[in-house]
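Here is a friendly walk through the model shown below. Keep the structure open beside the text as you read.

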Amino acid sequence: MDVELIIDDAAVTAPDGSSVLDAARRAGVDVPALCHHEAVPAIASCRLCLIEVRRPGRDWVQLTTSCDYPVSAGLVVVTDSPRIRKHRAMNLQLLLRRAPGAPVLQRLAAKLGVTEPLFAPVADAAMQDCILCELCVRVCSTLGYNALAAIGRGEHKHVGPPFGQTAAADCVGCGSCVEVCPTACIPMADTTATRTIWGRTFDLQACERCGRPITTKAHAEAMAVAAELPAKSDELCDACKKRVLSERLASPGR
Amino acid sequence: MTVKLADPGALARHREALAAIRSPERSVIAVCVGTGCRANGAIDVYEALRVEVEARGGARDVESRATGCQGFCQGGPLLLLLPEGIVYQHVRVKDVPEIVEKTVLGGEIVERLLYVDPPTDLQCRREEEIPFYRHQQRTLLRDNGLLDPTSIDDYIALGGYSALSKALDMGPEAVLEEVKRSGLRGRGGAGFPTGRKWEACRKAEGELKYVVCNADEGDPGAFMDDALLEGNPHCVLEGMIIGALAMGAREGHVYVRQEYPVAVDRITHAIEQARELGLLGEAILGSELSFDLRVSRGGGAFVCGEASAMMASLEGRRGVPRRRLIHLSDKGLWGRPTNLNNVETWANVPQIVLKGADWYSSIGTEGSTGTKIFSLVGKVHNTGLVEVPMGTTLREIVFGAGGGVPGGKAFKAVQTGGPSGGCLPADKLDVPVDFDTLVAEGSMMGSGGMIVMDEDTCMVDVAKYFLRFLASESCGNCTSCRDGLAILHDLLGDITEGRGTRETIALVEELADTVEATSLCALGTSAVNPVRSTLRYFREEYLAHVDDKRCPAAVCKALIRFSIDAERCNGCTLCALRCPQDAIAGVKKQLHSIDQELCIKCGICKDVCNRDAVLVR
Amino acid sequence: MSETQASEAGRVAAVLARYPRHDPGDLVNILHDLQAEFSYLPEPALRETAAYLGLPRAQAYGVATFYHGFHTEPRGEHTCTICMGTACHVRGAPRLLEQVERDTGVAAGGTAPDLSLNVEEVSCVGACAIGPLAIVDGETHGHMTPDGLSRLVAKLLKKDGPE
């Protein structure tokens, strides 16, 4: 069911229960949110996706995060204001301290007019450029591998394989964590035949048809098991699957 | 084998039977073995007493009883002799034979063990003569001195569980109405109207509902809940059972911080006893109410005092709070309707049911009814637990019950509300304490911790202390709290170590704004209160640190120096011998001197000097 | 599996058996019991607990490391805990912590390399009247001074030290 709400004076329709962040983005408003991914639960960690909301029938306005705020009928949302920019800029300064060179933070800094860092880069962080958004942990957990943990708390919180493993025992090398990491701080090295990530080296599965690597063999096996299919060794990459399918459709005497 | 009490009538008969064998004239020597006194050797005193009584008066009607915290911690180890109500303080094992001989058997007073009121030098024999007790209204704490917390019979004999009988008779709606009308507000810190919270849970959809007791008591310096759980666990239980009745809850948890092992033992034992008698479990006292409780321990995290973080902990997850757009009374523990209340809140419930909302709301102020237990600690004579009606002034608490600041030092501030609260200066001493007045002054009641500070306390150091605590307790979810508090602590470190400027203060204020405005939970949003309130009331102290590089209270090491007073030093060499850095030079019987290059300002020389010859400026 | 491993596994199983519901909500209580058994939380115990409760190992480890009451590394024989609650703070508790850190080289939260001593800080144990205080091997010592603490710790370590 859809509900109607106001975002920046414009009426917007969004599915009931979706987040104001998603509704705003779908309406074309660019609200920054580094720790957000539609496939995993929101934890509102980065504190950048600030909005101001007023509930219908109330007269007070609340400054709050939008990734974990559900839409509801009659909600009035403002995505830009001096107050939003001031606090977004300060939280950005805190993030810059952890990931001074990260392109996404640099771009946001330019947009907000943040030219000088307020704080010296953090010393002795467990993982350089990590902003502790836990996207890697949440994605790995959602996919069912649970190879990564959020460890410790407070400013010494960090992410990584549990038990201090230098090689992540439950990792299958799918690389999803790398894909979602906002600051690209997870090292992953691919050769034509192998992938090294989280201290492990995996064999890559090559496409039978074109020879390009698809994913790791461990990942392919895990997916096959999850789909309750026998593990196939004659895998095709997505591009080749499409080509084979279109060839079959186009061939005469089908 | 204990027989379950089949109905309220059976409970009443059990109580009568206990009264019949417990003569009101019998002598009871109540020894406080609460955590504070226990740490001071009270167990040995109790054991000695028990042995002595058995050897001498065992045949007579004399009972030695180990009680929970009686609240007068300054006088510990503490003895209360009933029925006379005589209080002996600072009791040692060697005093025990004399106490038994002279007082218990002979009816005479051992004068040197009496409390002496400093201003008047009057000896006080009985509790009600001692100013510490006289300034209190001990509705909740009184029974702590009267019962053995490991005995359910003691509790029942004092009238315990009669509120439950009455509640079962009244029915859930009437009980809820009574709690609503009483005006009871949550004692954990937020002060939310309890009746409204209960009603929301009662109305929530769902067959399985939970009640939870928040015994995480993380505010450092606050130990009211510990005293209640250690000293009178059944009154908390009774409150929870009545709550379960009113809200339709079937299961409950008592979440106790792991730093309170005695409290864990007491409440666990109390639950077992209650179950045995049929006061917990199926068909309580023969009624339709079925309710049972489990005890869960915390793992050591202040943030788990926050309701949603506590529930995460109870679900086997990291104690990370979640935002509450849906109330926990609708979707709390395991996604089910849950009512969470603080220990002291639950403890108030039996009396509200028994004596009625009109009685309860006649105590305190209009907006904050009832009494509140405060943990009065720090630079104060009478450190301990003080229970007063809401609306009592800070002055009456600190100087009346507390006896003021020791050592002739000047009062400087009182910190209320724990790490979420603020520091109030001397000109606020006449503020009547209730939920709303303290907020208006820039602090809050919090759970009841009240830390007294004097002229030797540096308020910048205090703000830094709270930031260190909160930064280490942050769950780490929010950038603003996790990193903001760490940086605020660093900035305050700059100020206390002589590197601060006016710009540092400006940055502190700016960053504090964002931490408060954009953190998800109350740990973050209220973390700025200590620094904000000290900047508000003690700004000149901050300015001394940044403008003059001076610490007026002579606390901040980088800004003070230790030296030896030529007038007082007698050259005894004690300081030089004890100095860990070998920084003190001097010949025997001649003036000693401290090498500033080597001195690390540890303060040992000042501690050991018998001539008070070490100057700190 | 070696004999030690087998006996350790047996001790873990005995603890888990006290919680027959396999309820994830029992995780923290179980960790307390395991730590009482082993003085810290060994990795095999955590793995076994996770399996027993049907939880990912990463979650069990994440929970164990979140709470300051749990230790995932072997602990020292003796423990010196300084209360750093507010009341003790204004009465000079930081000096006590500095003293023991200076004397032993072990920072708060740490363990001596030879596993002789743990140094800890705790925020309020509810004995504020006798603060500042140190708890040494479970025994509380009130009205502590840096000098007194120094001697107490020296005595504690000397009695196990080399002759």
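Two strands count as paired if DSSP finds at least two bridges between them. Helices (H or I, at least four residues) and strands (E, at least two) are DSSP runs, numbered from the N terminus. This is a predicted model, in which local features need pLDDT of at least 70, side-chain atom pairs count only at pLDDT 80 or more, and totals for chains, interfaces and linings use all residues. Residues are numbered from 1 along each chain as its sequence is written, while chains are lettered from A and ligands numbered from 1 in the order in which they are written.

**A run of strands in chain A**

Let us begin with strand E10 (residues 200-206) of chain A, which pairs in the antiparallel sense with strand E9 (residues 194-197) of chain A over four bridges. Thr194(A) has Asp203(A) in E10(A) as its bridge partner. Two residues lie between the strands of this hairpin, where Trp198(A) takes a positive phi near 45°.

E10(A) also runs antiparallel to strand E11 (residues 213-216) of chain A, to which three bridges join it. Here Gln205(A) stands opposite Thr215(A) in E11(A). The hairpin of E10(A) and E11(A) has six residues between its strands, and Gly211(A) in the turn has a positive phi of about 85°.

Now to Lys217(A), which sits in helix H6 (residues 217-226) of chain A. Lys217(A) is partly exposed because 19 other C-beta atoms lie within 10 Å. Two residues are in contact if their C-beta atoms, placed from the backbone, lie within 7 Å. Leaving aside neighbours within four places in sequence, Lys217(A) is in contact with Phe202(A), Asp203(A) and Gln205(A). Between Lys217(A) and Thr194(A) there are 9.7 Å in space, C-alpha to C-alpha, and the two are 23 residues apart in sequence.

**Domains of chain A**

Domain bounds come from an automatic or database domain assignment, and chain A is divided into domain 1 (2-80) and domain 2 (135-247). The centres of domain 1 of chain A and domain 2 of chain A, taken over C-alpha atoms, are separated by 32 Å. Six residues of domain 1 of chain A are in contact with six residues of domain 2 of chain A. The side of domain 1 of chain A that touches domain 2 of chain A has five nonpolar, one polar and no charged residues. In this classing, Ala, Val, Leu, Ile, Met, Phe, Trp, Tyr, Cys and Pro count as nonpolar, Asp, Glu, Lys and Arg as charged, and the others, Gly among them, as polar.

**Two chains in figures**

| Chain | Helices and strands | C-alpha box along the principal axes | Buried residues |
|---|---|---|---|
| Chain A | seven helices, eleven strands | roughly 65 × 55 × 30 Å | 39% of the 254 residues |
| Chain C | seven helices, five strands | roughly 50 × 40 × 25 Å | 50% of the 163 residues |

**The sheet of chain C**

Chain C has an open sheet of five strands in the order E2-E3-E1-E4-E5, with mixed pairing. Its edge strands are strand E2 (110-111) and strand E5 (139-141) of chain C, each pairing on one side only. Strand E1 (residues 78-83) and strand E3 (residues 117-122) of chain C pair in the parallel sense over six bridges, and Thr81(C) stands opposite Glu120(C) in E3(C). H6(C) packs on the sheet, touching E1, E3 and strand E4 (134-136) of chain C, and its direction makes about 150° with that of E1(C). H7(C) packs on the sheet too, touching E1, E3, E4 and E5 of chain C, with a direction at about 10° to that of E4(C). For these angles, axes are lines fitted to C-alpha atoms, for helices over the stretch in contact, and angles run from 0 to 180 degrees between N-to-C directions.

**Where the chains meet**

The contact of chain C with chain B takes 40 residues from chain C and 43 residues from chain B. H2(C) gives the largest share of the chain C side, five residues. That side divides into 21 nonpolar, 15 polar and four charged residues.

Between chain A and chain C, the contact takes eleven residues from chain A and eight residues from chain C. Strand E6 (residues 149-151) of chain A gives the most to the chain A side, with three residues. By class, the side of chain A that touches chain C has seven nonpolar, three polar and one charged residues.

Terms used
Buried ≥ 20, exposed ≤ 12 C-beta atoms within 10 Å, placed from the backbone.
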